[in-house]
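Thanks for asking me to look this over.

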Amino acid sequence: MSHENLRAQLDAYLDGELASVEAGDFEAHLAGCAECTRDRDDRLALRTAIRAAAPVFPASDALRERVRQGLRAREAESAGARRAMPRPWSWLALAASLALVALGGWGLGLRSGATESVSDEVLRSHIRSLMPGHLTDVLSSDQHTVKPWFNGVLDYSPPVYDFAGRGYPLVGGRLDYVGGRPVAALVYGRRRHLISLLVWPAGRTAAAPSTPRFSQGYHLLRWATPAYTYWAVSDLGIAELKDFTQLVRQADSTAGAGPGRY
Amino acid sequence: MLPHLNAAYTLARYLTRNDHDAEDVVQDAFLRAFTYRDTFRGEGAESARAWLLTIVRNTAFSWRRREGRSALATEFDETQHSDSVAGEHPEAALLRGATRERLQRAIDQLPPEFREVIVLRELEGMSYREIGDVVGVPAGTVMSRLSRARERLQRVLRPEVGGD
């Protein structure tokens, strides 16, 4: 397919609207096309900016009350008019189903199982971290600064490595939440891209197949050691992200991964 | 219990661009939803949300027609707004620093047909198909409107273009 035709699919690709075959074709093109790669980066930056900073408008209490009263009045009218022929109270059923979504927010519609929701949480953690000022709680490229910082805020001590020499410098660390519990998130850089590496003790979350996932323009990789469960998420290409995860695995195996916690 | 009142208000607020009219639109839309509740044929929470936002959206557009305000927008024309300009590209790093005020102003400057797809996609996280149902266009049109809306936002938010 031509560059022009593929370029037209950029938004559908980033919005997760392409079938996997088409998405694969697009990624193959992306790997060799600097223009599309730059367009993709711009789109990701725009999306991050919108989600982080575009205002949402919560309804005021006054509006809430006004709508409630309006509905109550309408309800009273229609109850009188319909008494002769009672109908199922479908508004209540509708309201109940609407309430399910009201609790969820925009990112939660995709849950199809425990792993799915963990990977959703990991993805949201990464996207959240891209907001201005949210990237790191401890900003340091020194692993001997980052690691002790976690000791003070977590009940486990995550392995912290620096891969600056291999092109993936440590940027810092932050505290995040997955499954309602605090976890360590390490941030690594790669050119203009960032990688979030989330790590928590093995056994906290169900073991799951470590198939790569691609969602909303980000790749997610999961793996486990006897001691820890890892998630890596980034808008980097899958090859580079795999390269990065390989460095972490190697570092883990040479460090013995510590005694860990089970 | 008023599910989705905030989502409804956010959409109405972006479409009318002021609090007072947005409140009227939301009030009107919820009463309409109640009146036509038997026409809801979908199943599950997602389709209920889409159904409600469809009513909000249509209420806002008929409000605009009734008020006869062109203040809302430059008239929408599919061809006029087809931004195929390849041009320069904004610096991703600078976009990252876009403030709340700049973003809102940039979105408010879009024609309403672009504004609503941005809100439904980026703030409500809806699929192209769901957005198409709300807006009443095919999914392919949703894609092209989103694409053009984003091109415009990138141009407006690019710092060196500034007040343009």
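1. Chain A has 262 residues, and 32% of them count as buried. Please keep in mind throughout that this is a predicted model. The secondary structure of chain A consists of nine helices and seven strands. Among its contacts with a separation of 6 or more, 57% join residues 24 or more positions apart.

2. Chain B is built from eight helices and zero strands, so to speak a plain run of α-α-α-α-α-α-α-α along the sequence. Of its 164 residues, 45% count as buried. Residues 24 or more positions apart make up 69% of the contacts in chain B with a separation of 6 or more.

3. Which residues sit at the centre of the contacts in the largest nonpolar core, touching the most other members? They are B:Ala8, B:Leu11, B:Ala12, B:Val26, B:Val56 and B:Val117, out of 59 residues in that core. Helix α3 of chain B (residues 44-67) gives the largest share, nine residues. To take one of the six as an example, B:Ala8 touches B:Val26, B:Ala29, B:Leu52, B:Leu53 and B:Val56, leaving aside residues up to four places away in sequence. There is also a second, separate core of 36 residues, which includes A:Phe150, A:Val187, A:Val199 and A:Leu220.

4. Now to the helix packing in chain B. Two packed helices are described by the angle between their axes and the distance between the axes. Helix α6 (residues 112-123) and helix α7 (residues 128-135) of chain B pack at about 140°, with axes 10 Å apart. At that angle, α6(B) is oblique to α7(B), because only angles over 145 degrees count as roughly antiparallel. The crossing of α6(B) past α7(B) is right-handed. On the α6(B) side the contact uses B:Glu116, B:Val117, B:Leu120 and B:Arg121, and these meet B:Ile131, B:Val134 and B:Val135 of α7(B). By class, the contact residues are five nonpolar, no polar and two charged.

5. Is α7(B) mostly covered or mostly uncovered? It is mostly covered, with six of its eight residues buried. The buried residues in α7(B) are B:Tyr128, B:Glu130, B:Ile131, B:Gly132, B:Val134 and B:Val135. After α7(B) comes B:Gly136, which has a positive phi near 85°.

6. Helix α6(B) also packs against α8(B), at an angle of about 100° and with the axes 9 Å apart. The two helices are therefore roughly perpendicular to each other. From α6(B) the contact draws on B:Glu113, B:Phe114, B:Val117, B:Ile118 and B:Arg121, while α8(B) supplies B:Val142, B:Arg145, B:Leu146, B:Arg148, B:Ala149 and B:Arg152. These residues divide into six nonpolar, no polar and five charged.

7. A:Asp42, A:Arg43 and A:Leu46 of α4(A) form the contact with B:Arg150, B:Leu153 and B:Gln154 of α8(B). Sorted by class, there are two nonpolar, one polar and three charged residues in the contact of α4(A) with α8(B).

8. One backbone angle to check is at B:Arg17. Most residues other than glycine have a negative phi. B:Arg17 is not a glycine, yet its phi is positive, at about 65°. B:Arg17 lies in the loop between α1 (5-16) and α2 (19-35) of chain B. With 18 other C-beta atoms within 10 Å, B:Arg17 is partly exposed.

9. Last, a loop in chain A. Where is A:Ser141 found? It is in the loop between β1 (138-139) and α8 (143-153) of chain A. A:Ser141 counts as partly exposed because it has 14 C-beta neighbours inside 10 Å. Its C-alpha atom is separated by 6.9 Å from that of A:Pro169, which is 28 residues apart along the chain. Leaving aside residues up to four places away in sequence, A:Ser141 touches A:Asp162, A:Ala164, A:Pro169, A:Leu170 and A:Val171.

Definitions and conventions. Residues are numbered from 1 along each chain as its sequence is written. Chains are lettered from A and ligands numbered from 1 in the order in which they are written. This is a predicted model: local features need pLDDT of at least 70, side-chain atom pairs count only at pLDDT 80 or more; totals for chains, interfaces and linings use all residues. Axes are lines fitted to C-alpha atoms, for helices over the stretch in contact, and angles run from 0 to 180 degrees between N-to-C directions. Helices (H or I, at least four residues) and strands (E, at least two) are DSSP runs, numbered from the N terminus. Angles under 35 degrees count as roughly parallel, over 145 as roughly antiparallel, 65 to 115 as roughly perpendicular and the rest as oblique. A crossing is left-handed if the near helix is turned anticlockwise from the far one by less than a right angle, and right-handed if clockwise. Two residues are in contact if their C-beta atoms, placed from the backbone, lie within 7 Å. Ala, Val, Leu, Ile, Met, Phe, Trp, Tyr, Cys and Pro count as nonpolar, Asp, Glu, Lys and Arg as charged, and the others, Gly among them, as polar. A nonpolar core is a set of buried Ala, Val, Leu, Ile, Met, Phe, Trp, Tyr and Cys residues joined through C-beta atoms within 7 Å. A residue is buried if 20 or more other C-beta atoms lie within 10 Å of its own, exposed if 12 or fewer, and partly exposed in between; C-beta atoms are placed from the backbone.
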